[in-house]
Amino acid sequence: MTEQTILKRKSGLMTANMNGAAIMMDISTGKYFNLGQTGGRIWELLEQPLSVEKLIQALTAEYDVSYERCREDILPFLQQLADKGLLITQ
């Protein structure tokens, strides 16, 4: 996954906010996922397809974090979502 990778949410996922943390259920598998607060914000930002670069820019504008630190922190998270079939990458 690179900064030019376009991220798109998988369809058929139900998401709920539980005290600021995003909880998600994959209807096709019946599996639940807890994205936490920051993961929930990332999920909100991915409501429309977005490049990794644009996602990092949006997060650094909202949070007190450098571009490089944000990139290092979210790439593994995004890869986990993709590996679990929750994100489609292009």
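Which residues in H1 meet which residues in H3? I put this to the model, which is a predicted one.

**Entry 1: H1 and H3.** I found that Gly39, Ile42 and Trp43 of H1 meet Ile74, Phe77, Leu78 and Leu81 of H3. I then looked up the geometry: the axes of H1 (residues 36–45) and H3 (residues 67–83) come within 12 Å and cross at roughly 70°. H1 is therefore roughly perpendicular to H3. I noted the crossing of H1 past H3 as right-handed.

**Entry 2: H1 and H2.** I next took the pair H1 and H2, whose axes lie 11 Å apart and pack at an angle of about 130°. That angle makes H1 oblique to H2. This crossing, of H1 and H2, is right-handed. Here Arg41, Ile42 and Leu45 in H1 meet Leu55, Ala58, Leu59 and Glu62 in H2. I recorded five nonpolar, no polar and two charged residues for the contact of H1 with H2.

**Entry 3: the core.** I looked up the largest nonpolar core and found 22 residues in it. Ile42, Trp43, Leu55, Ile74 and Leu78 have the most contacts inside this core. Strand E3 (21–26), strand E4 (31–35), H1, helix H2 (52–62) and H3 each give two or more residues to it. H3 gives the most, with six residues.

**Entry 4: Trp43.** Lastly, I listed what Trp43 touches, leaving out residues up to four places away in sequence. The partners of Trp43 are Arg9, Leu13, Thr15, Met24, Leu35, Leu81, Leu86 and Leu87.

Definitions and conventions: Residues are numbered from 1 along each chain as its sequence is written. This is a predicted model: local features need pLDDT of at least 70, side-chain atom pairs count only at pLDDT 80 or more; totals for chains, interfaces and linings use all residues. Side-chain values use heavy atoms; hydrogens and water are left out. Axes are lines fitted to C-alpha atoms, for helices over the stretch in contact, and angles run from 0 to 180 degrees between N-to-C directions. Helices (H or I, at least four residues) and strands (E, at least two) are DSSP runs, numbered from the N terminus. Angles under 35 degrees count as roughly parallel, over 145 as roughly antiparallel, 65 to 115 as roughly perpendicular and the rest as oblique. A crossing is left-handed if the near helix is turned anticlockwise from the far one by less than a right angle, and right-handed if clockwise. Contact means heavy atoms within 4.5 Å. A nonpolar core is a set of buried Ala, Val, Leu, Ile, Met, Phe, Trp, Tyr and Cys residues joined through side-chain atoms within 4.5 Å. Buried means under 20% relative accessible area, exposed over 50%, partly exposed in between (1.4 Å probe, protein chains only). Ala, Val, Leu, Ile, Met, Phe, Trp, Tyr, Cys and Pro count as nonpolar, Asp, Glu, Lys and Arg as charged, and the others, Gly among them, as polar.
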